[in-house]
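Open the model in your viewer and keep the selection tool at hand. This tour goes stop by stop, saying what to select next and what is there.

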Amino acid sequence: MFWKHISIFILFFSLIPFRVYAEKKVELCFWQFLVPERRMRAILDEFEKKYPHIKVKMQQLNWRDGLDKITTSIAAGITSDVCELGSTWTPQFAESGALLDISEYMQERKDEFLPILLSCVEWNNQYYGVPWVAGTRVLFYNKELFRQAGLDPEKPPKNWEELYKYVLELANRFPDLYPFAIPVGENYTPWQTFLPFFWSAGGELFDNSLNKAEPEKDVFVDCLRFYQKLSHHSLLARQAQIDRSFASGKVGMMISGGWNLSLIPRLNPRLRFGMALVPGEKKQVSFAGGEVLAIFKQTKYPEEAKLLVHYLTSEEVQNQIARSGTSFVPSLKNSLEKEAYLSSPQRKIFIEQLKYAQTLPPHPKWSQIQEELSWVIEDSLFNKTAPTDSFSYLTERLNKILSIYSKSRKKSTTQLPNSIVVLSIAGILALIVLINVCYRIKTRGIKTKNQRVLVLYLFLLPWLAIFLLFYLFPFVYSLILSFTDYSPLRGYSGFCGFNNYIEVLKDPEFQKALLHTFYFALGTCPVSILLALGCAVVIYKKIPMVRFIQASLFAPITISVIVAASMFSYFYSSEGFFNSMLDFLHLPRPFPDNWLMNPKMALISVMIMHVWLSFGFYMVIFTAGLYSIPRELLEASYIDGAQTWHRFRYIVLPQLKPFIILVIVLNTIKAFQVFPEVFAMTQGGPHGATLTLVYYLYKTGFHQFEMGKASAVGYILLVIIGFFLILEVTFLTRGKSNER
Amino acid sequence: MKDRSGPIVKWLLFILILPPLFSVLLPFYMIIRIAIMPEGLTASENGAMVIWTEHDPISQYQWRSKNGMIHQAGDTSLINVTWQGIDTENPVTLSYPFHQNLDNFTSLEIIYKSNAPSFTMGFSDRQGKTTSSTIKNDQQGDWVTSRIALKSIDFSRINLQNLNSVVITIDQPAGGTIQIKKIKCLYKSITLANFKNVMLSASFGRYLLNSVFVSLLIMLGNIILSTMAGFAFAWRSFPLRKTLYISMIAMIMIPMQVLMIPTFILIQELEWLNTYKALIIPFLIYPINIFLMRQYISKIPTAFAEVALVDGASYFTIFFRIILPICKPAIAIVGINTFVNSWNSFLYPFILTNTAEMRTLPVGLALYIGLFDVDWANLMSASSLSAIPVILVFLFFQKQIIAGMLSGTTHNL
């Protein structure tokens, strides 16, 4: 007995991790997107050699989800020391107080950088970051198509009139191709092509102080009208799709970025393309963005972090990064002028364009602003809304965002207090009591001694511990958050009762998302259940090659949603499988014929993929259910001479009932919570056609940083799902009490 | 049980299942096709990538030449280079931009006419270093097709990841001309190079190891914990049973994005960030599994177990001797579900880890996806590789499902 205790004792302490205190070396943590991991490591090794007392830990982020990680880390109060940020993110992080003010450092260096990039790192007249690299968009055009259409390949269009003339010429000569391409279906690309047009005609979205949105009406309307005119002859797709179509020679002109310089030769080395400044009405303006290096406030070693930033933005390293073939150019004036690599004609055009480029208005609510912009652009392209209506809608929406923002700025915010933990624990207890009151405990079954019941708790204990800690606690925690105006960046300023819930329920976007989610659930659940049941029955019959067939039907869930989504995006594209099927059946194609870019077809497309992804698992459950049916029952029915259908209806189905309930419940939950498919394929677009509840939640919480509101959406969703589940389960088990 | 449906019915059913089977397998066919084909193959002709042909006009920054005159001869648009009296230190170099992954190619082919007895052909990288192989011109003044196997080129001197151009160097002191009709690279028709790339990249093994370790532990934990808890839930009433059960169902219904920030804060407070603990322990229970298990166990008739209880058997005996064997199919489903979920789970591992050593496969795979540029070949081969363990796990559990049927005699009790 003694040894038993000792061994438990030792086991317990061996679980406590030993901390190794290494020699005192400053360890910096650095998060970045831009440079491939191995090459960045080499650069950092050089840095470590130069400053032996500093060690840099690097974490490679990816573009799709990097922002989520940064947001979560800020919310939890642990961030890296140095981080790469996109230029549009900087104002909101600076505003939230997450970034270190490095004005003193920047005062010395600011003349070294391209002047337009400085506005990306400036907030309230203080500097919160150092411009690292710059990127801009130029006009790419297909020289071969130009030549065949009788246009001069060395004279690309310079203004709107010429551009439209060229587009018409190309459209006449090549009715099957797309003379121009307009990005849609994403949040962050539609305005990247539109705003330069708008700027070039002399428009500005906001006044200088960024307090009011007053785009010039005539300019905006003209510009949108021109855009609509172009869209008749344009490929409407996501940027990545446009780049690929251009590389395969199907697009005459597009406005795109430097990554094409390596993409096009890789896909189609023979494509002869030219690059020119973006055509503009008065001046040839383009959009400039870039990457910024910022230091987080929580860093313990601000001086060392500055050394790292200084090293990474030094001329030598910038040239090295530029030479490694990224799509960006350095932010230093010196490098742009002197570096030989950048003097090739292909790179030069980007540097030339940067002179005429404009950065975005540095506003912390940019993510919301860009959403409204994209919405208006897509609206006028898909629904042919009159430009004047779009204009008044946009001005109203933008002014609303600005006024809400300036109001919220006045509130003082704090980080979450620890009392929320106490509150959560109290909440857990309250929840338990509440549910207990609702369901009086009835002891059923045979009476046992209390000891035996205690043994049952032993079975439950390990599960219970994890459940309470990692599920119930966060659950109650976020329930409390849903009653506050908590934002991961700003902290919170106080409880606001049911305001979040009321605001969300009133939001027309939420109502739309709810409707889409209903459609989605109604459309997918019956199909995937019937399909799964059918396949399970067929497999149970031991048809030829049964093992292979079963494994293949199961296979879709083995690959990650990202990969499946990219495959399906290809199937849904203009030249993809679904369109060729339509052609084969002599059915008309939808317009636009890229299904995911078509507001009418996009939701159905996501539904098809969802069924494809999920029905295999339900099939496995049904198979297990079929195998668990006592064979004697079936044998008896054979002997009694029952018909196949009757046997299925009166013996198999009732026996399968628990499994059917299980599958229906799982399926309902999954359909209501559909997120990865939407996230990977359409991101709620085009024109909000695939906005579902969880995507709305994600957008609110992680793009607009309204976590309180987002949590409220989560709990509304919980109520909705719960309602449907109760409905389904009572319907399925009505008149019977086979549930114990 | 004797199977009573005849062969005709079976074949009919087989035909019936073909359409879903086809639609399920089609994307897989595409994935594997992308994985085993070199990336540029779509833009190629007859298994070769044409780098330059006589129909392509020469533009200034496509062909570049040092010390030589490039001109295009009228409509024939052959490339035509003449030079005069150069020395060996300043050879004529012609270069053409070329950014490709050479793993996909077998050889370089050139069709030319020249009066030079030999010249060299090779590649240069962005730093300007070159490597090349000599071509002997036997039929001076005639059209010749020469092929260089890429194997014969010494690639140790240049940085293959930074290839910049195809370079033709001629160091003949006497003047001369060269005319080029076509340059192309011959593809391997099917290549395992993408798989090789992925497997040999130092981190893939580590990602795989992490994924296998984490997913297996999560799967085992889930099987054990959820069977035990499901048993407790299904078997008998005890205080708080309904409460816990309902709150567990609520856990299934709340979207995970809502719980993300609190969970992250919790794990940070526990100082578990970037450890296996953070990747495993919170996921040892998936609420959905308990639901599944309870649903299955509650279907088992209680009569015999009650007899056992009265006979003095403990709950442990009942659990291990009676419940576990019957539950095999349910365990199989739980196992498959858990393994698949944790194998493919992306967001939590991404947020909870900070270093490359701790990454799981999906987190590593996501790095192949750039903002606008996706590394398709590597992404597809990596993801088809990463599907293999899941298929293996499925095949293993599939056996258990059928074994459950064979041993399922307890239902008759």
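**Stop 1: the nonpolar core**

Select A:Ala181, A:Ala532, A:Ile621, A:Phe622 and A:Val663: within the largest nonpolar core, which has 305 residues, these touch the most other members. Next, colour helix H26 of chain A, residues 602-627. H26 gives this core its largest share, 17 residues. Bear in mind that this is a predicted model.

Stay with one residue. What does A:Ile621 touch, not counting residues up to four places away in sequence? Select A:Phe659, A:Leu662, A:Val663 and B:Ile333. Those are the residues that A:Ile621 touches.

Now look for another core, of 26 residues, which lies apart from the largest one. Its members include B:Ile110, B:Phe119, B:Phe123 and B:Cys185.

**Stop 2: a mixed sheet in chain A**

Select strands S9, S8, S10, S7 and S11 of chain A, in that order. They form an open sheet of five strands, and the pairing is mixed. Which strands stand at the edges? Select S9 (234-237) and S11 (273-276). Each has a single partner strand, so one side of each is left without a neighbour in the sheet. From one strand to the next, the twist averages 25°.

Zoom in on S8 of chain A, residues 178-183. Six of its six residues are buried, so S8(A) is largely enclosed by the rest of the structure. S8(A) pairs with S9(A) in the parallel sense, over four bridges. To see one of the pairs, select A:Pro183 and its bridge partner in S9(A), A:Ala237.

Then turn to strand S10 of chain A, residues 251-256. S8(A) and S10(A) also pair in the parallel sense, here over two bridges. Pick A:Phe180 and you find A:Met253 of S10(A) standing opposite.

Move on to strand S7 of chain A, residues 138-142. S7(A) and S11(A) run antiparallel and are joined by four bridges. Select A:Asn142; its bridge partner in S11(A) is A:Phe273.

**Stop 3: two helices side by side**

Select helix H17 (residues 366-382) and helix H18 (residues 387-410) of chain A. They pack at an angle of about 170°, with axes 10 Å apart. That angle makes H17(A) roughly antiparallel to H18(A).

Show the side chains at the contact. From H17(A), pick A:Gln368, A:Ile369, A:Glu372, A:Val376, A:Asp379 and A:Ser380. From H18(A), pick A:Pro387, A:Ser390, A:Tyr393, A:Leu394, A:Arg397, A:Leu398 and A:Ile401. By class, this contact has seven nonpolar, three polar and three charged residues.

**Stop 4: where the chains meet**

Colour by chain. How many residues of chain B are in contact with chain A? There are 115 of them, in contact with 121 residues of chain A. Select helix H1 of chain B, residues 7-36. H1(B) supplies the largest share of the side of chain B that touches chain A, with 14 residues. That side has 80 nonpolar, 24 polar and 11 charged residues.

Next, select B:Leu266, in helix H5 (residues 256-269) of chain B. Is B:Leu266 buried or exposed? B:Leu266 counts as buried, because it has 20 C-beta neighbours inside 10 Å. Leaving aside neighbours within four places in sequence, B:Leu266 is in contact with A:Phe473 and A:Pro474. Now set a distance label from B:Leu266 to B:Phe316, 50 residues apart along the chain. Their C-alpha atoms are separated by 34 Å.

**Stop 5: chain B and its sheet**

Of its 413 residues, 42% are buried. Among contacts in chain B with a separation of 6 or more, 77% are between residues 24 or more positions apart.

Select strands S2, S5, S10, S7 and S8 of chain B. In that order they form an open sheet of five strands, with antiparallel pairing. The edges are S2 (64-66) and S8 (130-136), each pairing on one side only. The twist averages 20° from one strand to the next.

End at S2(B) and S5 of chain B, residues 92-97. Three bridges pair them in the antiparallel sense.

How values were computed. Residues are numbered from 1 along each chain as its sequence is written. Chains are lettered from A and ligands numbered from 1 in the order in which they are written. This is a predicted model: local features need pLDDT of at least 70, side-chain atom pairs count only at pLDDT 80 or more; totals for chains, interfaces and linings use all residues. A nonpolar core is a set of buried Ala, Val, Leu, Ile, Met, Phe, Trp, Tyr and Cys residues joined through C-beta atoms within 7 Å. A residue is buried if 20 or more other C-beta atoms lie within 10 Å of its own, exposed if 12 or fewer, and partly exposed in between; C-beta atoms are placed from the backbone. Two residues are in contact if their C-beta atoms, placed from the backbone, lie within 7 Å. Two strands pair if DSSP finds at least two bridges between them. Axes are lines fitted to C-alpha atoms, for helices over the stretch in contact, and angles run from 0 to 180 degrees between N-to-C directions. Ala, Val, Leu, Ile, Met, Phe, Trp, Tyr, Cys and Pro count as nonpolar, Asp, Glu, Lys and Arg as charged, and the others, Gly among them, as polar. Angles under 35 degrees count as roughly parallel, over 145 as roughly antiparallel, 65 to 115 as roughly perpendicular and the rest as oblique.
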